[in-house]
Amino acid sequence: MTTEQRTSDSDISAILAEKFVSFQGEGPLTGQRCAFVRFSRCNLTCGWCDTKYTWDWSQYKSVDVSARVPVADIVDWIHALSVDLVVITGGEPMLQLPAMTALTTGLDTSVRVQVETNGTKAPTFKLAERVDLWVVSPKLANSGVPYSRRIAPAALAALRSTSRAMFKFVVTDLVDFDEIGRLANEFDLAPVWVMPEGDTREKVLAGMNLIHGPAAERGWNVSTRLHTLVGAQ
Ligand code: SF4
């Protein structure tokens, strides 16, 4: 990285909800120790969202639950942790593309980068090149968000074309499977992962029992919510 890049990137800040060290609780890297950087703000309003403190200003005050943090400070924090994985999540982190780009390109290349996104915003080429895994979670009708807001064909195509994306759907009932199948066919989304919705151990376990057989029949993968099962952050 050049001196000029460092100087300009040091001016960039991100609006964060929180950052912490834990293990990845969902998706293909479940169990992996990592740094989480949770961006504040979202462009959707899912009814079952478990991070409403990133966007629901009818319940939260943004000044209480988010803060502007220099990207250079986030990079230093991650490097000091000696983790080999950072998970950038939200909210919807892709709403802050300059900060996302500065953060990911400021990290040592030994740190793998996973981004969790709702799939409504396309990455820039520079960002796409640096991200190792895109966990794209297009929202279904069960979110209560209108189709035109939650499904963005051009963004899904751009994420799919990185060849580093997987598509994870939150399931509240087996009737969701037909909608997932239609979306996967129409937008050529693969591999497909399905994960039960739930913020309690009982709900997650019941959901896993419900979906694992039908998911296997369709050739899909299943994800648990390990952090919910063990009561972690
Ligand atoms: S896209 Fe994610 S963060 Fe945004 S409202 Fe839906 S579940 Fe919450």
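Helices (H or I, at least four residues) and strands (E, at least two) are DSSP runs, numbered from the N terminus. The model is predicted, and local features need pLDDT of at least 70, side-chain atom pairs count only at pLDDT 80 or more, and totals for chains, interfaces and linings use all residues. Residues are numbered from 1 along each chain as its sequence is written, and side-chain values use heavy atoms, with hydrogens and water left out.

The sheet comes first. Strands of a sheet pair through backbone hydrogen bonds, either parallel or antiparallel. Here, two strands pair if DSSP finds at least two bridges between them. Nine strands form an open sheet with mixed pairing. Their order is β3-β1-β2-β4-β5-β6-β7-β8-β9. At the edges lie β3 (67–70) and β9 (221–222), each of which pairs on one side only. Strands β4 (residues 85–89) and β5 (residues 112–117) run parallel and are joined by four bridges. Ile88 stands opposite Val115 in β5.

Contact means heavy atoms within 4.5 Å.

Buried means under 20% relative accessible area, exposed over 50%, and partly exposed in between (1.4 Å probe, protein chains only). In helix α3 (residues 71–81), the buried residues are Val71, Ile74, Val75, Trp77 and Ile78. These residues lie on the same side of α3, because they cover an arc of only 160 degrees around the axis. The arc is that of the directions from the helix axis to the C-beta atoms. Asp76 and Ala80 are exposed on the other side of α3. After α3 comes Ser82, which has a positive phi near 55 degrees.

Helix α7 (residues 153–160) buries Ala155, Leu156 and Leu159. Their arc around the axis is only 100 degrees, so they share the same side of α7. The buried residues of α7 pack against β5, β6 (133–136), β7 (165–171) and α8 (176–187).

Several loops hold backbone features of note. Most residues other than glycine have a negative phi, and most peptide bonds are trans. Ser163, in the loop between α7 and β7, has a positive phi near 65 degrees. Ser163 counts as exposed because its relative accessibility is 67%. Asp188 sits in the loop between α8 and β8. Its phi is also positive, about 55 degrees, although Asp188 is not a glycine. With a relative accessible area of 52%, Asp188 is exposed.

Cis peptide bonds occur in loops too. One joins Ala190 and Pro191, with omega about -5 degrees. Pro191 belongs to the loop between α8 and β8. Another joins Gly90 and Gly91, with omega about 10 degrees. Gly91 is in the loop between β4 and α4.

Glu197 is a buried loop residue. It lies between β8 (192–196) and α9 (201–218). Its relative accessibility is 16%, so Glu197 counts as buried. Leaving aside neighbours within four places in sequence, Glu197 is in contact with Trp48, Val170, Val171, Thr172 and Lys203. With Lys203, the link is a polar contact between side chains, at 3.0 Å. A polar contact is a pair of N or O atoms within 3.5 Å; within protein, one must be able to donate a hydrogen and the other to accept it, and residues adjacent in sequence count only if both atoms are side-chain atoms.

Aromatic rings complete the picture. A pair of aromatic rings is described by the distance of the centres and the angle of the planes. Rings of Phe, Tyr and Trp (its six-membered ring) pair if their centres lie within 6.5 Å; planes under 30 degrees apart count as stacked, over 60 as edge-to-face and the rest as tilted. The structure holds three aromatic pairs. In one of them, the ring centres of Tyr53 and Tyr60 are 6.4 Å apart and the planes stand at 75 degrees, so this pair is edge-to-face. Tyr53 is partly exposed at 21% relative accessibility, and Tyr60 is partly exposed at 30%. Phe177 and Trp220 form a tilted pair, 5.3 Å centre to centre, with 50 degrees between the planes. Phe177 lies in helix α8 and Trp220 in the loop between α9 and β9, so the pair ties together parts 43 residues apart in sequence. Phe177 is buried at 2% relative accessibility, and Trp220 is buried at 14%.
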